[in-house]
Amino acid sequence: MPVWCCRCSLPGHFRNYRDTETEGEIFNSLVQYFGDNLGQKVKAMPLVEETSLLEDSSVTLPMVVIGNGPSGICLSYMLSGYRPYLSPEAIHPNAILHSKLEEARHLSIVDQDLEYLSEGLEGRSSNPVAVLFDTLLHPGADFGHDDPSVLHWKLEQHHHIPHVVLGQGPPGGAWHNMEGSMLTISFGNWMELPGLKFKDWASSKRRNLKGDRVVPEEVARYYKHYVKVMGLQKNFRENTHITSVSRLFRDHDDDGGQESGISAQQLQIDKSKFIRRNWEVRGYQRVADGSQVPFCLFAENVALATGTLDSPAHLEVEGEDFPFVFHSMPEFGAAVSRGKLRGRVDPVLIVGSGLTAADAVLCAYNNNIPVIHVFRRRVTDPSLIFKQLPKKLYPEYHQVYHMMCTQSCSADSSPLPDYTSFPEHHVLSFKPDMKCILQSVSGLKKMFKLSAAVVLIGSHPNLSFLKEQGCYLGHNSSQPITCKGNPVEIDAYTYECVKEAHLFALGPLVGDNFVRFLKGGALGVTHCLAARQKKKQHLFVERGGGDGIA
């Protein structure tokens, strides 16, 4: 079984690996890169077979990032040494914030007191650093202004922190899998990452932007191009699947620094005897011929940037696994594109009251497919997302909301020919003959014959590589991690998990669904690592260190 491992700094140490150009170069650049950047004191170590115990590691990466969507990309950008400074000519519209920024104009934002800068700011994120970074990048955005950023960026190589970003697909993450015909909620400039304006990229690619909102396909291409033009490719590895992320422990009495996997039973016997060391990240990469190459990485820190779109939420009702029941917009969109549902007399059942469900309604409605729309909330519920979107900017979603309010089914009426909403209803079960049973809040049951059903009630992240599926990291450790209901509990200014040191989380995992705000996670993590690096260097100098690696 071929294995690669970051502990080896020699590109020739790939056991049982066929010497073809495509496969042989897959991780050579990674190994060589970290060998070069960590200095000449890195020693070559033999590879670790999948079944062997972990031995002494001479190379441990400062950071492994899991997830290559916009969160992971932005974090890689900042870890690569890019630093934001207040522009010389910039005047922030928030006078108090501008005054604070002037106090340390000579310092990058990364090196400033983020808590002090964030104090008193308000925005559409519960994470203060996300609000701070957004108002620096997009001043006045929530007031409808399109003011330029007050920041300019400098590449400072001495701030580079070696890292690797692991993703299942190309850079951009889930944006490559979204339904291509729908417009993004955010404006194009809100989707952009630091250092490359979305409109400038679109112009350079001769893409004609018809409005401020864009299709996901364009966003995905922008993110992929961003990684290339910013010189971040060496940090990214595609087609990787993580199978486990776990702590390594070391015996207090072991002066040799040898690390090994300690059994749970041993830890229970005497936890005080062991100290937590680095992270072990295991998984595999799919290569050109479809085979899987296992890998093992060691890291001081791990950042979770997986997003929350991995596992669609289920109703957990009878018959939900029948083939006519879909759980994602791409599945439903593909069925519509293939013409499978056109000309059907029976309606499509759409479950959910969010924007993805609204996308499905529009998709069916625009293809002359009758719709039964079921959701648990009242149409007057103030928490419905439609109430937060301006009508002029989002006319299609307000069209759906209007139908939800005006074309609902009463107790004694039949469904309308094109669209009928069922507020305060839920699905009881699906039947093999493509029927479903609905129940109202009052207990009244109704049965309908369907052509298909689409359940779009949210999604969960795939954190199966963590212990307890990552549940222990949430605010409520007895529930799965979700973006809104149970995000990962983090330190507000460093994004480090409260319940697991040296493990960070950012993006949707901590409640920031919009690209505007997830960039704040990259700032928080980089700020934390830079501060710790300074502290280490200071201690190293105090102890009379030489010119080696601190």
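Angles under 35 degrees count as roughly parallel, over 145 as roughly antiparallel, 65 to 115 as roughly perpendicular and the rest as oblique. Such angles run from 0 to 180 degrees between N-to-C directions, and the axes are lines fitted to C-alpha atoms, for helices over the stretch in contact.

This is a predicted model, in which local features need pLDDT of at least 70 and side-chain atom pairs count only at pLDDT 80 or more, while totals for chains, interfaces and linings use all residues. Residues are numbered from 1 along each chain as its sequence is written, and side-chain values use heavy atoms, with hydrogens and water left out.

**Whole chain**

Start with everything selected. The protein chain has 14 helices and 20 strands; these are DSSP runs numbered from the N terminus, helices being H or I of at least four residues and strands E of at least two. Of its 550 residues, 53% count as buried, where buried means under 20% relative accessible area, exposed over 50% and partly exposed in between (1.4 Å probe, protein chains only). Contact means heavy atoms within 4.5 Å. Among contacts between residues at least 6 apart in sequence, 68% join residues at least 24 apart.

**Helices 12 and 13**

Select residues 355–366 (helix 12) and 395–406 (helix 13). Their axes are 10 Å apart and the packing angle is about 85°, so the two helices are roughly perpendicular to each other. Helix 12 brings Leu355, Ala358, Asp359, Val361, Leu362 and Tyr365 to the contact, and helix 13 brings Glu396, Tyr397, Gln399, Val400 and Met403. By class, these are 8 nonpolar, 1 polar and 2 charged residues. Here Ala, Val, Leu, Ile, Met, Phe, Trp, Tyr, Cys and Pro count as nonpolar, Asp, Glu, Lys and Arg as charged, and the others, Gly among them, as polar.

Next, pick isoleucine 385, in the loop between strand 13 (371–375) and helix 13. Leaving aside residues up to four places away in sequence, isoleucine 385 touches Ser353, Gly354 and Leu355.

**Helices 3 and 9**

Select residues 70–79 (helix 3) and 216–229 (helix 9), whose axes come within 11 Å and cross at roughly 20°. Helix 3 is therefore roughly parallel to helix 9. Show the side chains of Pro70, Ile73 and Tyr77 in helix 3, which meet Tyr223, Tyr226 and Val227 in helix 9. This contact has 6 nonpolar residues, no polar and no charged.

Stay on helix 9, whose buried residues are Pro216, Glu218, Val219, Ala220, Tyr222, Tyr223, Tyr226 and Val227.

**Helix 6**

Select residues 128–137: 9 of the 10 residues of helix 6 are buried, so this helix is largely enclosed by the rest of the structure. The buried ones are Val129, Ala130, Val131, Leu132, Phe133, Asp134, Thr135, Leu136 and Leu137.

**Two positive phi values**

Finish in the loop between strand 19 (459–460) and strand 20 (503–505), where glutamine 469 lies. Its phi is near 55°, a positive value in a residue other than glycine. Tyrosine 495 is also in the loop between strand 19 and strand 20, with a positive phi near 65°.
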